[in-house]
Amino acid sequence: MSEKQSTILVIEDESQLRKFLRVILEMHDYAVIDASTGADGLRKAATEQPDLVILDLGLPDMDGVVVTQRLREWTAMPIIVVSARGKEQVKVVALDAGADDYLTKPFNVGELLARVRVAMRHLAAANKNTGDPIFTVGELHIDLGRRSVIANGSEVHLTPNEFRLLAILAKHAGRVMTHRQLLEEVWGPESHQETHYLRVYMNQLRQKLEPDPTQPSYLLTEPGVGYRLAIEVE
């Protein structure tokens with residue numbers, strides 16, 4: 001029996017780009033639904049239950065950030081924003097609203113497909129894990145239930161805040177987590193501007209977990225936006 005074909009909802013008002021995305025995605029064995037407005041996209045997301053959404057921010061009837069917020073009220077399906085708005089702050093706002101990833105137009109098709117595959121693997125891992133999962137990438141093993149971490153064959157001692165930060169990244173592995181999201185989850189809502197906390201703790205985690213802390217392969221930086229935990233090592 002063949003695997004179920006994954007379905008992607010494309011919410012994009014530019015008809016040529018919408019058609020182009022349909023062709024590319026169908027060539028790579030995805031089923032495609034599309035919508036040209038935010039309202040139609042929200043309706044199709046609810047009725048068709050796609051596996052992933054590719055979303056433009058500049059829609060004619062509502063901002064894509066609002067679409068993201070509406071989707072996040074009831075679903076955890078991956079959302080990849082594809083937008084001409086390339087400023088870091090715009091990316092942060094979209095990711096804080098609940099998007100999983102962000103690509104700036106014009107984008108490379110290979111990169112889009114790679115981001116789709118990462119989001120699909122993240123979704124599969126999230127659906128597979130019940131209770132407290134064990135996350136593994138390369139030589140890094142994180143047991144969230146036992147609160148233990150093994151890196152390069154040795155158990156690593158982490159402080160409570162270091163483990164909390166790593167656990168959040170592991171639970172959302174493959175997804176970009178913004179500075180604000182991480183700060184609020186680890187240190188509370190009042191700490192959302194204390195980005196130096198993250199720099200210090202991320203440096204400490206890399207020193208303890210990375211084979212080469214100067215060239216991280218697990219804890220990846222999204223410049224000006226946040227961090228993500230890799231789900232595979234290149």
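Q: Buried means under 20% relative accessible area, exposed over 50%, and partly exposed in between (1.4 Å probe, protein chains only). Which residues of helix α2 (residues 38-48) are buried?
A: This is a predicted model: local features need pLDDT of at least 70, side-chain atom pairs count only at pLDDT 80 or more, and totals for chains, interfaces and linings use all residues. Residues are numbered from 1 along each chain as its sequence is written, and side-chain values use heavy atoms, with hydrogens and water left out. Helices (H or I, at least four residues) and strands (E, at least two) are DSSP runs, numbered from the N terminus. In α2 the buried residues are Gly38, Asp40, Gly41, Leu42, Lys44 and Ala45.

Q: Which elements do the buried residues of α2 pack against?
A: Contact means heavy atoms within 4.5 Å. Gln49, with a positive phi near 50°, follows α2. Packed against the helix's buried residues are β1, β2 (31-35) and α3.

Q: Which residues does Thr68 touch, not counting those up to four places away in sequence?
A: Thr68 sits in helix α3 (residues 64-72). Its relative accessible area is 0%, so Thr68 is buried. Beyond four places in sequence, Thr68 touches Leu55, Ile79, Ala94, Ala97, Gly98 and Ala99.

Q: How many salt bridges does the whole structure hold?
A: A salt bridge needs a side-chain nitrogen of Lys or Arg within 4 Å of a carboxyl oxygen of Asp or Glu. Searching the whole structure gives a total of 16.

Q: How many residues apart in sequence are the parts that Glu12 and Lys105 tie together?
A: Glu12 and Lys105 form a salt bridge, with the closest N and O atoms 2.9 Å apart. Glu12 is in the loop between β1 (7-11) and α1 (15-27), and Lys105 is in the loop between β5 (101-104) and α5 (109-128), so the pair ties together parts of the chain. Both residues are buried. The separation in sequence is 93 residues.

Q: Which helices does the pair Glu162 and Lys208 tie together?
A: The two side chains meet in a salt bridge at 2.8 Å, N to O. Glu162 is buried at 2% relative accessible area, while Lys208 is partly exposed at 31%. The parts are 46 residues apart in sequence, and the pair ties together α6 (residues 160-171) and α8 (residues 195-209).

Q: Which residues do salt bridges with shared partners join into one network?
A: Through shared partners, the joined residues are Asp101, Glu111, Arg115, Glu222 and Arg228.

Q: Which element gives the most residues to the lining of the largest cavity?
A: On a 1 Å grid over the protein atoms alone, a cavity is a set of points where a 1.4 Å probe fits but cannot get out; lining residues have an atom within 4 Å of a point. The structure holds 1 cavity of 30 Å³ or more. Its lining is Asp100, Asp101, Arg115, Val118, Ala119, His122, Gly174, Arg175 and Arg228. With 4 residues, the top contributor is α5.

Q: What is the volume of the largest cavity?
A: Grid points are joined across faces, edges and corners, and a volume is the space filled by probe spheres set on the points. For the largest cavity this comes to about 50 Å³.

Q: What distance separates the C-alpha atoms of Gln89 and Val225?
A: Gln89 lies in helix α4 (residues 88-97). Gln89 is exposed, at 55% relative accessible area. Val225 is 136 residues away along the chain, yet the C-alpha separation is 7.8 Å.

Key
1 Å grid on protein atoms, 1.4 Å probe; cavity = no way out; pocket = protein on both sides within 12 Å on 5 of 7 lines; lining within 4 Å.
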